[in-house]
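These are my notebook entries on a structure that I am reading for the first time. I record what I looked up, one topic at a time.

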Amino acid sequence: MQKFIDNVNTVVQKFHGKMVEEFSVKFEFDTVLLDHLNNWVNFAVSSRAKNIAVYLRPINKRRTDVDRYIFPFYLLDSESNMSRLQSIQLSFVSFRLPSEFRGFPSLRKLDLEFVHISIEDLEVLLSNCYNLGWLSLVRSYLNGELKLNRLLSHLRHLTVVYCKVTRIELQVTNLVTFVYCGPIVPIVINQHSKLGNAHIHFSKATFHDAVSALLNGILSIQNLTFHTTPPPLEK
């Protein structure tokens, strides 16, 4: 770990004061990294990076209930940073949006994996990223209804994988690809949507229930790839 820290710090020092297109760091998270991670994110922000990726993972891969890195979102919430940032990719972090969050008008891609974020903060984040074209939510447990409104008119690709959503409502009209994997939930897609491809996998659902859920919410689609994992048979 110390070797990794020294290597990253060497790179950061080399490019200090220069403009950086992309900053990406990937490693196992340990509290030893905390101050260094904050410094690295601050470097990426001050370098006006277009793409920021922080891929962390637990040391024990079988445990995901341990503390996550609290991502310093407040560092990104300034006028100079908002205008340039195009992609945010985060894994195994948690964050709360700063008060009076102003959003990222140039953001095109948002990728959240194993991220602790409330459904309320996610709604605020998305409503202030109106040029977003690519959204992926993987095992970021929202514990609520995911609703994407018409303001996300540029959204083309959406992935939702095991996020403990209770319902999905998509009012966006220009969505091209939609991927869902998880328990059976109501999925309602705007009838005027131009959805071209949907890949849906309902876990622990009978074929009849799964098809009924799809037919009730998806009125028009060009290509559908559908899987269902039935519940175990009773003895």
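**Entry 1: Thr229**

I began with Thr229, which counts as partly exposed at 36% relative accessibility; buried means under 20% relative accessible area, exposed over 50%, and partly exposed in between, with a 1.4 Å probe and protein chains only. I note that this is a predicted model, in which local features need pLDDT of at least 70 and side-chain atom pairs count only at pLDDT 80 or more, while totals for chains, interfaces and linings use all residues. Residues are numbered from 1 along each chain as its sequence is written, and side-chain values use heavy atoms, with hydrogens and water left out.

I located Thr229 in strand β14; helices (H or I, at least four residues) and strands (E, at least two) are DSSP runs, numbered from the N terminus. Leaving aside neighbours within four places in sequence, I found Thr229 in contact (heavy atoms within 4.5 Å) with His201, Phe202, Ser203, Lys204 and Ala205.

**Entry 2**

I then followed the strands. Nine of them form an open sheet with parallel pairing, in the order β1-β2-β4-β6-β7-β9-β11-β13-β14; two strands pair if DSSP finds at least two bridges between them. The edges are β1 (22–29) and β14 (223–229), each with a single partner strand, so one side of each has no neighbour in the sheet.

Within the sheet, I looked up β9 (residues 157–161) and β11 (residues 177–183), which pair in the parallel sense over five bridges. His157 stands opposite Thr177 in β11.

**Entry 3: Helix α4**

Which residues of helix α4 are buried? In α4 (residues 119–127) I listed Ile119, Asp121, Leu122, Leu125 and Leu126. They lie on the same side of α4, because they cover an arc of only 160° around the axis, the arc being that of the directions from the helix axis to the C-beta atoms. These buried residues pack against β6 (109–113), β7 (134–138) and β8 (144–148).

**Entry 4: Cysteines**

I searched the whole structure for disulfides (pairs of cysteine sulfur atoms within 2.5 Å) and the result was zero. The sulfur of Cys129 is 17 Å from the closest cysteine sulfur, in Cys163, which is too far for a bond. Cys163 is in no disulfide either, as the nearest cysteine sulfur, that of Cys181, is 10 Å away. I recorded Cys129 as buried, with a relative accessible area of 1%, and Cys163 as buried, at 2%.
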